[in-house]
Structures are given as C-alpha cells and as structure tokens.
Protein chains: 4
Amino acid sequence: MQTRIEVGILGATGMVGQHFIRFLQGHPWFDLAWLGASDRSAGKTYGDAMTWHLGVVPETVAGMTVDDCKPGNAPRLLFSAMDASVASEIERAFAQAGHIVVSNSRNHRMESDVPLLVPEINPDHLKLVPGQQRARGWKGQIVTNPNCSTIVLTMALGPLKQFGITKIITTTLQAISGAGYPGVASMDIVGNVVPFIGNEEEKMQQETQKILGEFRGDHIEPLTAKVSAHCNRVAVVDGHTVTVSVEFSAKPTEADVLHAIQSFRGVPQHRQLPSAPPNPVIYMHEANRPQPRKDAERERGMAAFVGRLRACPVLDYKFVAMAHNTIRGAAGAAVLNAELMHSEGMLD
Amino acid sequence: MQTRIEVGILGATGMVGQHFIRFLQGHPWFDLAWLGASDRSAGKTYGDAMTWHLGVVPETVAGMTVDDCKPGNAPRLLFSAMDASVASEIERAFAQAGHIVVSNSRNHRMESDVPLLVPEINPDHLKLVPGQQRARGWKGQIVTNPNCSTIVLTMALGPLKQFGITKIITTTLQAISGAGYPGVASMDIVGNVVPFIGNEEEKMQQETQKILGEFRGDHIEPLTAKVSAHCNRVAVVDGHTVTVSVEFSAKPTEADVLHAIQSFRGVPQHRQLPSAPPNPVIYMHEANRPQPRKDAERERGMAAFVGRLRACPVLDYKFVAMAHNTIRGAAGAAVLNAELMHSEGMLD
Amino acid sequence: MQTRIEVGILGATGMVGQHFIRFLQGHPWFDLAWLGASDRSAGKTYGDAMTWHLGVVPETVAGMTVDDCKPGNAPRLLFSAMDASVASEIERAFAQAGHIVVSNSRNHRMESDVPLLVPEINPDHLKLVPGQQRARGWKGQIVTNPNCSTIVLTMALGPLKQFGITKIITTTLQAISGAGYPGVASMDIVGNVVPFIGNEEEKMQQETQKILGEFRGDHIEPLTAKVSAHCNRVAVVDGHTVTVSVEFSAKPTEADVLHAIQSFRGVPQHRQLPSAPPNPVIYMHEANRPQPRKDAERERGMAAFVGRLRACPVLDYKFVAMAHNTIRGAAGAAVLNAELMHSEGMLD
Amino acid sequence: MQTRIEVGILGATGMVGQHFIRFLQGHPWFDLAWLGASDRSAGKTYGDAMTWHLGVVPETVAGMTVDDCKPGNAPRLLFSAMDASVASEIERAFAQAGHIVVSNSRNHRMESDVPLLVPEINPDHLKLVPGQQRARGWKGQIVTNPNCSTIVLTMALGPLKQFGITKIITTTLQAISGAGYPGVASMDIVGNVVPFIGNEEEKMQQETQKILGEFRGDHIEPLTAKVSAHCNRVAVVDGHTVTVSVEFSAKPTEADVLHAIQSFRGVPQHRQLPSAPPNPVIYMHEANRPQPRKDAERERGMAAFVGRLRACPVLDYKFVAMAHNTIRGAAGAAVLNAELMHSEGMLD
C-alpha cells in the first residue's frame, strides 16, 4: 500500500463535502486531489466557493480550484456528498464513465444491485458490484453508506444479528448537524424537541433490513425483522442517540448479548484499516452513558457506543446507542467503505 | 361552591412547592392560607425562606410566615410537594391527624389503598379512600398524582384503554425542570442528552399499569399490559415529550384511534372543574408537532398533546405525546385531583 | 374611546407580522381587519399563506383572506411589519394614499421628519408629523419604533437623560427571535455566541441619539452623547440583554440614578394606555437579575428591566438592562405608538 | 531537557484537577506522578475517588492512588487546582516545605510578592520569586495564573500595552465550564443569560492591572489604566468571549493595532515551549468570528482569538476576543507557566 491514491469529492462545497475534506486530512492512503461542485462554484478557488462551517478550512484545500461535477478531470475514486436532488444522475454519469463512486447520498442506497455497506457488518455485500457493473454496463460502480441514524442502530445491532433479530423498536434523538447548513432553524430547536424528520423513519426501517440482510447472488435478501422508528431532533451539535428495544428468536441471555457486543470485531479491525476503530462498538458500564457531547468524538468519531443493556418488558432487551453522525454516520463511513474496497483489491 | 376553601402546602419552599404557589394564584375555590417547610425555614417569611425560581414570587405569598411540617395550624386540605426523602412520615402524620393530603410525592403512589389519580382517566379510583381510612384508622387521607412522565403517557393512552392495551414501548425526552433545582448540572445537559433518569423507568412502568387498572373493592387490579420505558433528559426547560408504540387486543382502525383521542372528555370536563382544560388531549395534525417549547404552555399547561399517529410496523400504532411536566405533570395535576374530590363532596 | 378602530398589518405573514397578530388579540381599541402580504400570498387564507411560529394561530385570523400590499381596501391605521427590502416604497405608497403607517421597519427611522418613537421617552417627537405631511404632500404619515436592541438601551437610559448623558458603551446579548424565521441557523448558535449582527451596532448608535434627542420644529437635534455598541447573538429565545456603561455631565449620585429609574413614568402611564405597563422600567435588586428567560415575559413583555446598578471605574455608572425583543422591541412598541397617537387625537 | 520531571496535582479530583490531568497526557517534559485530594479521597484509587467529567478518564491515572494534600510524598513541582476555600493554607504549607506550587487558584494571585503570570506578556514577573522566598522563609514558591476571563482580556491586550492603555471597558460572555461541576444549574442557563458571576468583575479589574504592570524590584507596579468589567454567563460549554473597548495614550492607527496583534510573539514562542501555540493571539478577519464553539479548541486550546477590530466612538478601538477558559484559562495556563519556569532554570 505504498502507492497513494488520488481521490475527489462530488459536492465538495456543502456541509457533507466539508466533513469529507476534514476527515481526509492526513489520510495515510488517500490524497485529496479534486473538488467537484455545482456550475456556480466551478472555476473558483474552494476558499471563495463556500462558507466553511467546521472551524477553519485547511489551507491547502482553500487554494484548490473547484471543478464542475462532470466526468473528465476527476480521479477514479470519488466520494459523493451530493445533495439528493441531484445525486442520482451525476453519480450514475461518473460510474458510467468508469469512476468508483463511494457515496453518502441516499439516492442509490435501496437499489437492488448497490451495496449499502457497513464494513464491520456486511462486507460481503460488496459482492453485488460485479453484477451491478454487468447489469448497467458500467466500468465504474456505486457503493453507498447508510443514513446517519441507521448507522447508529445497525452498528449496535450488527453484533447481535447472530441471535436472530425479529423485532426492533427505536427512538432517535438526533443532532442538528445531521440536517446540514443552514439546516434546522434555531427558533425550532433551542430549548425544544422536533418530533419529526422527513423520510428518516422510512430510511431507518428499510436500510436496517438491507444492511442486516443476506447476499443472494444478485441482490440482498433483507432481514425479515420488523423495524419501527420514531425520529426526533434535539439541541445537540454532533452525535445521534437511539434507544432500542429488540426481540431475538434465539433468546440469548443478557450475558450473551453483552459478550457479543464487547467481543465484536469486523473485517476492518482484522485488516487494521486506517479509519477503523480498534473496537467498533464500545460498551459503557456507567449508568448514564453514552452521551453525545461527551462520547461522540472519542475514537476519532468512528466507534459506536452502547450502554444500559437491560431486559425489555415488551421485547427481549433494550439499550441505548450513540455514534457521531457526521463522521461514523457520513464522511468517515464512506472513507472506511473505500478503505475496505481497497483492502479487497477493488481500487487496483 | 360559594364558600372558599383554605389550603396549605407541605414542602412549600422547594421547586414543586413554588409551582403549587404559582398555579394556585387566582384559583376560584382554593385560598392559599398556610405554607409548611422544614424546621430550618419555619418562622421565617416565605420571601426569606427560599430562592424563587419561577419569575417573581407573588407579593402576598412572600410575606406569609412559614410553619414547620407538623399538624396543628394547617388547614384541612394540603397539597404535598415534599421531597421523597421525608414525605412518607410527614404525609402519614397529617393524614392521621385528619388532613386531606393531595400529594405529588412518589412515596405512597404504589400503596394498594392509595389512589394514583388522573381525573380524566380513573376518577373511580377515589373509591379506595374509605378503605384506606378504615385500614389505617385515619380520619384524613392521602391521594396521589403520577410521576411527571407517567402522566404524559397515561393522558395519551387513557382514551385508548377501550381498545384493550396489551403492549407499550415508550421513550421519553424529559425537560430539566422535572429534576427540580439545582437539579441537572448545565455541564451535563447543554448540547447533550442524558440517557438515564434514576428510577424513572420503573415508575413509568408500574404507575401506568395502576392508573389504567380497575378498581376492585379494596385495591386496583393493574392493567395487564406490558410496559417498557426508555427515559432520557434533554435540554428543554418545560414539557416532557414521549414517543409511544402500542398494541391493542381489539385491533382498532387508525380512524378509530384518532376519533377516540379527539372525542375524549372526562369527568373534569363534564363538571367543568376550574383547572380542567376543555379538551384534555389535543390532537395536532401538523407533521412536526407537538413540540414542548411551542405547545406545553397552551391551555394553561393542563392539556396533553398528541401527534403523528401512524401504524407501527412492530406493535399496532405509534405516536408522539407531550405535556407540561411541572403543571399537568405535578402541581396542576394535584390541584385538579383536589377539584375532582371537591366535586365528589370529599372536601365537605 | 367607545368606537373601535380597524387596523391592518403590512407584511402579515412574516415573523414580525405574526407577533403583531398575537399582540393585537383582545386589544381593547384595535380590531384586526386586514392582512397584507406579498402577491404570492394574496388571495389565500392567512392559514394557508404562512407557517405560524408562535404556538397556534388564532382561529379567526387563520380564516381571513390575505390582500396584496397596495392601498385600496386597507383600513386607515396600518402596522407595518414589512421586510426592509420592500418597506420603503410600500410604506410611502400607503402614507401617500392617506394611511397612518405605524412601522416596525427600519427604512424610515432615520429620516429627519419621521418620528422614531418610544412613548415613555420622546412622545413630543410626534410633532414632526405635520411637517412630514407638508413636506411630502401626504395625507397619511409614517411613524416608526426603534430597533429591538435600541429600545432596551433607550428604555433604560430614558429616565437618566436628565443627568446629561455624554458617553455610552453597551454590549448586547441578543435573542434569536430578533432574527426572524428561519433566521439564525442552529448550527451557528447552539452552545455558541456569534459576536456580530449586521448593521445592528450602527442602528443602536444612531437611533439612540435620535430617540434621546430634542424636537426642534422640523427635525430632531440628536443627543450629542457618544454611543458605542458591541452586538452579539446568544442562544436565548426571547429577551435582549444589554450591559451599559454610561457617563453623565451632571454627576448624579448612585441614589439619584436609582431613584430616577424607579420613579420613572411617562405619558403612556399617565394616560393608562392599554399596552402601557404600570411601571415602564422595573429595577430588580437581586444580584443576578434581570434574566431573559425568567423576566422578559413579565408585564406582558412591555416593561424594561434594569439591575446591578453600580459605579463604573471608567465612565460613571454601569448596569444591565433587558426587555422582550419581539414585544417591547417590535410589535408591542408599534401598538403602544398607535395608542399614544390615538390619545393625542391623531387617529380621529 | 532529556530528564523528565515528575509533577503532582493538588486538588486532583475536582473539575480543574481533571483538566490538569487531561492536559498533561503525553506532555514531553512532565510526568504525572502524584495526585493529592481531600482526606475523604485519600487512599482510594483515582478512578474510585471522583466522577470524571471530561469524556473518559485516562486508564493509567484511574489506577493511581490518591494521597492527601500534605507535604511528604509529593514531587517538587505541583500544579494546584485547589478550591479557593482551602487553597491558601495548603499551598503555603507546600511552598514552605520546598515545593514549587504552580497554582490556578485565586488565593495568592494578588499578593505583592507572587507572580500572576501570563508567559507571553509578563515573563519578567517571575523575578518576584527570590523576594517571595526571602520574605517568607520558603525554599519553595508559589506562582499563579490569572482567572479564566482575565486571561482572555490580557492575552488580547498584551500586544497593545506598548500603545499606553489608559481605559478598558469589557463585557464577558462566559462558558459554563468556568463554574466547575455541578456549577451552574441547567435551570439557570438553558435558553438564558445570567448577568452576574460572583467576584469575577473585581478579579478581572485588579488582575488585569497587575498582569500588565511593571516589575519594580519587590513588587509589581500595576498598570494605571482604569478597567471596568461586566461579567455574564451564557449557555456555552467551553470558551469565554469578551467584548473590549480600549483607549490608548499613544493614539495608534487601526493598522498599528492590527499589526501589533498579528505580529505578537512572546518568550514561550521564541523558546518553543511545548504548550506554547506558534501564534499566541490569532486575528480572524471573518466578520462574525471568533466564536467559542468553533474556535476555542483550535491550537490545542492555547491561543487567544481576536476579531472585529474597529474604531470605538467612545474610547479608541473596540474588538472581540475569545479563548478556551479551562485550557488557556486554567490548566494549560499553569502548565505553560511551569514550562517557562523550567526554561528559566527555576525547576533545576
């Protein structure tokens, strides 16, 4: 892995694009070499093209010239932070032109031949790619990561899939950074809760079934578990908290469940991928943890945290989980996907 | 009802005591005539004995002299805002001495002969009182209201009891005012979520079963529904939000459920009790409501608000509910209990 | 004053327009009879034309049809909540057509023949109106109220004008509601301070000099005091807090200053105007008050609160002041202006 | 500097003690070897003796045994995070016993022979130490750092001292972490401003004069500038913001002032002390910066940030400044003091 790999960002000027830029700083494999954005930004320096929202824009990036989002000059590996309103066509155009599009956008996640990847949980879903290329006549490909709330839920449930998950009821307390910029109006959220996030519940329900599902040659057989989500916005900056009640067919003991969480390691850990946390799901024994402001940034924002495992009087067990929504739930997720793909030889 | 009734407050200097004082201002039946607090405060004027946390202390109250919490000078009807650490003995002593103790404290709520009252839902639970007096040899009595999160849940479920509730999973997003003063440290909650509130889940689970249960001569047969609660603190000042998934044996349609909520009226409404909202459970059709900061203070803080009724993929239906935790969930709840008791002739 | 007066609102669908609607509910003199907004809203019911941000829209208003902002059907007295980008021409057109425009917009505030009115402080500035009508050939007129941060400062300084104010340094901690909706992005203000509000410092500096200035026949001779403002946004919903250091030529004692504040009453108090608080500037003796969340809504949001008067080592005295920015600082200010005008016979 | 230096912490279990522990992790010179706390904690492991508030307690520290705060086993160099109620005697006892006490506590700051040190601004104030040792008969010594709000002000003013500062008016917007734990009650600060912090204004006024004063053999001749502070608490977690109006005798141009800030470097920078930021005062040109949540943690929390330099209509110039209150304003300040002392050979 001595050769460094040039990467680009589709939708580099938005909030998610900025998270990609920040997360890629100092990456041991990937060199940020190209920034794509709308026609309005093309030709400007990055510093002029956007308002940076994450502290201070890295100097080297500020001076880069923004390109428009058309295949041509971009490197082969692209991270997509495109807005859903435009991502479908642009991502497809790049994949068609031979690019590897590792996307955070929701547009292609639920397509049958597109991996919806959490490297610790379903790395084998990458096997969809050859079929995707064949079916669509693409030299390139599209690989996606889940919605930022789905990933918290699935990171916590991944270790427990072995027990036969049959029912899940989850309530989210989601951070404002998940809505981008300007995103949630302060008049709506300061000292308040907004008990609704558009399409979020549907995404959590469907994506969870796909992520925890089984690769079946040309598609993913979704997990048959029933999933019900209640999504809420709270006045937290970073870190989505989810409460989870879950039912298992195998009726594990509480010790079984705890052990499964604590001992869980995935391919990214075994291969020591650069962005993989040593321990992807960290169980906290303190009675009142995890908490987003205190825990989300630990492990570079790449771990999920679980706590308060206990019996659920209605289903079998309940617990709380939390992860950093713009890192593990967005930019970091996509970068870890690309690292997994590289370790599989898919970027060669 | 021309004769006005003198009332007192046990534990008048704490936060809940202050809420009682504020709520009783201008009450058409009840005159605040006595304030009881710890020995430390006894003999001082109320203004000197406490630090007021709710805007500005009413002038007439500030000048009242605080008494200690021993039977003697207190009026017959007392609202108890005592801390749980001392409420058991003091409330019993007053009941023994002939006082009607309408308590917000948790100490006696789950005792088999003590009504845990929500006037719209289980007014008949007051029938426990004669047995309580006989069994304990009291001339007085103790009547309680639920925990502040339980009341939000039960107000929303009360109209639906007719459909045979069998399973409830609820997650709370609770306001900081529920923890009193100083209560939650700002370092714990600004920009954060605390996914734990001591004993709160147990209280919600047990109290809900009792409130929705049936009077059986000398005790309440609890609702057999299984109840599972996940309790969280969020950075909201007033108003507890709860998400609810619920299963019914009668399998009502969504229209049935909605109609039950919207048409729900109870004894307090029929008797037009002074603190009863015209409509105890208000259904909001906006996609993102109710919200605590925008809705909790409507209807003088005495209504519960429900929204987002929809099918639950795991149980039958899910929705969000919200009510003002220190009014409908504490002081206002107890005052409405006393109003119901007065309308029953129990204060004569 | 038996005859009720019909009023309309220019810019009824925006946040300030909503504040006017809420504040006018139940007004003893003024009947809300007309709502004007942009062409886009014209012809719709008010309920359909806007998203309400202040709890629940009054039912009677929700059903009113919105008109466009052209003279014709509007009543003679209009409150203007127009956005500054369009207020200049529209307000002039209505004044030209004979309407009395009582405006909260900033556009005409600093014009030499337009009163910038705080009824308790400079009611005589209304004498500019005849000259305004002559010079502009208008049958109608425009009268304005100050910016929401200026009003907090001038309410606190009005009682002290008698001591010869020569220098003022003020720092504001302004609520998010002052920026309208969507206004301040939550990503900018949750757990944060934004030390800049566009044009706010200039407005505070100039408006204060005009408000505290002297009527001189056809213009206001501004107060010669030097004014320096530092404006900041904080995560408060309602209520602007300002710290003030001030120098006086008359060198009053601290007791003089305190007495001036506490004994201050203006024309609105003497005439008992409906929206006038009995005591326009309330001095709080508690060491840590006033506070926006605890005090802004007292006195129906129409009083200013001052506290912590003490010597300033650099100028003469310093103190903190606070008032409700969308009531006393916007809608309530304009309504009180109209009440003053009515009491002067200017609406006859 | 190959030899590593053992250090201890007085008051290790409190919030400031925790900040010291976190800041010292990985320090290139100092090894944390000793933890002192009250008798109540002595003998316990650190992990058992306290509740950690800063993410996760470092494992190596959690296992250390806490000692009581009496001279004996402690290393020579001690950082003091003692509460002011006990710091006076304990710090003196350790200094008497030969320890170098680098204290964050306020108790000895204003004593005439005790340095109140900001290494970039008044490193020569360390010359007070020999006189302190002589006068008190101590082999050890006490050196202090300023209050957390003073340091923001003085870091910003240090570069400007050359222009002859004559008057300063400052208003603070201080973070909740400055009040320790539990510190500020959430009921007081969520959605609110508290316009008072006990003794803070006096500290800012006096400490600023001493820090910017001149060493005169056996004492510091304070700066004769008049200083006036208005101190406020806001709902920010870390980072104190201050607005500053300042008058200079030398009447520099705005360009002079800007250049002085931007070119400012001190002894810590020239000697490249480990905790010294390359640029101690960073000027930000964006119109709305610095902001605490976005900027405080930059430069490891050790820089001060200044912005919005402009003319002040009352004094000469005004600007906003911000720094991390628990790092540059507390633990990091003391550690940098010790680094300066080491570079002077005072720890040999």
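Two residues are taken to be in contact if their C-beta atoms, placed from the backbone, lie within 7 Å. The structure described here is a predicted model. By this criterion, 30 residues of domain 1 of chain A are in contact with 27 residues of domain 2 of chain A. Helix α12 (residues 327-343) of chain A gives the most to the domain 1 side of this contact, with 7 residues. That side, where domain 1 of chain A touches domain 2 of chain A, is made up of 14 nonpolar, 9 polar and 7 charged residues. Domain 1 of chain A covers 5-146 + 331-343, and domain 2 of chain A covers 148-324. The C-alpha centres of domain 1 and domain 2 of chain A are 24 Å apart.

The packing of the corresponding helix number was examined in chain D. Helix α6 (residues 148-157) of chain D and helix α12 (residues 327-343) of chain D have axes that come within 8 Å and cross at roughly 95°. Angles of 65 to 115 degrees count as roughly perpendicular, and α6(D) and α12(D) are therefore roughly perpendicular to each other. The residues contributed by α6(D) are D:C148, D:I151 and D:V152, and these meet D:R328, D:G329, D:A330 and D:A333 in α12(D). By class, the contact of α6(D) with α12(D) holds 5 nonpolar residues, 1 polar residue and 1 charged residue.

Strand β2 (residues 30-37) of chain C runs parallel to β3(C) and is joined to β3(C) by 3 bridges. Within β3(C), C:D68 is the residue that stands opposite C:A37.

In chain D, 6 strands form an open sheet in the order β3-β2-β1-β4-β5-β6, and the pairing is parallel. The edge strands of chain D are β3 (67-68) and β6 (141-144), each of which pairs on one side only. Strand β2 (residues 30-37) of chain D pairs with β3(D) in the parallel sense over 2 bridges. The bridge partner of D:A37 in β3(D) is D:D68. Helix α4 (residues 84-96) of chain D lies across β1 (5-10), β4 (77-80), β5 (100-103) and β6 of chain D, and runs at about 150° to β5(D).

The contact of chain B with chain A takes 36 residues from chain B and 36 residues from chain A. On the side of chain B that touches chain A, two or more residues come from each of β7 (165-174), β8 (193-194), β11 (226-234), β12 (240-248), α11 (292-295), β14 (304-311) and β15 (317-323) of chain B. The largest share of this side, 6 residues, is supplied by β11(B). The residues that chain B places against chain A comprise 17 nonpolar, 13 polar and 6 charged. Chain B is superposed on chain A by a rotation of 180° with 0.0 Å of shift along its axis, at an RMSD of 0.0 Å. This is the relation of a two-fold axis. Of the interface residues of chain B, 100% are also interface residues in chain A, so the copies meet through the same surface.

For the second pair, 36 residues of chain D are in contact with 36 residues of chain C. The side of chain D that touches chain C draws at least two residues from each of β7 (165-174), β8 (193-194), β11 (226-234), β12 (240-248), α11 (292-295), β14 (304-311) and β15 (317-323) of chain D. Strand β11(D) provides the largest share of that side, 6 residues. By class, the side of chain D that touches chain C has 17 nonpolar, 13 polar and 6 charged residues. The same surface serves both copies, as 100% of the contact residues of chain D recur in chain C.

Notes. Residues are numbered from 1 along each chain as its sequence is written. Chains are lettered from A and ligands numbered from 1 in the order in which they are written. This is a predicted model: local features need pLDDT of at least 70, side-chain atom pairs count only at pLDDT 80 or more; totals for chains, interfaces and linings use all residues. Axes are lines fitted to C-alpha atoms, for helices over the stretch in contact, and angles run from 0 to 180 degrees between N-to-C directions. Helices (H or I, at least four residues) and strands (E, at least two) are DSSP runs, numbered from the N terminus. Angles under 35 degrees count as roughly parallel, over 145 as roughly antiparallel, 65 to 115 as roughly perpendicular and the rest as oblique. Ala, Val, Leu, Ile, Met, Phe, Trp, Tyr, Cys and Pro count as nonpolar, Asp, Glu, Lys and Arg as charged, and the others, Gly among them, as polar. Copies are superposed by least squares on the C-alpha atoms of residues with pLDDT of at least 70 in both. Domain bounds come from an automatic or database domain assignment. Two strands pair if DSSP finds at least two bridges between them.
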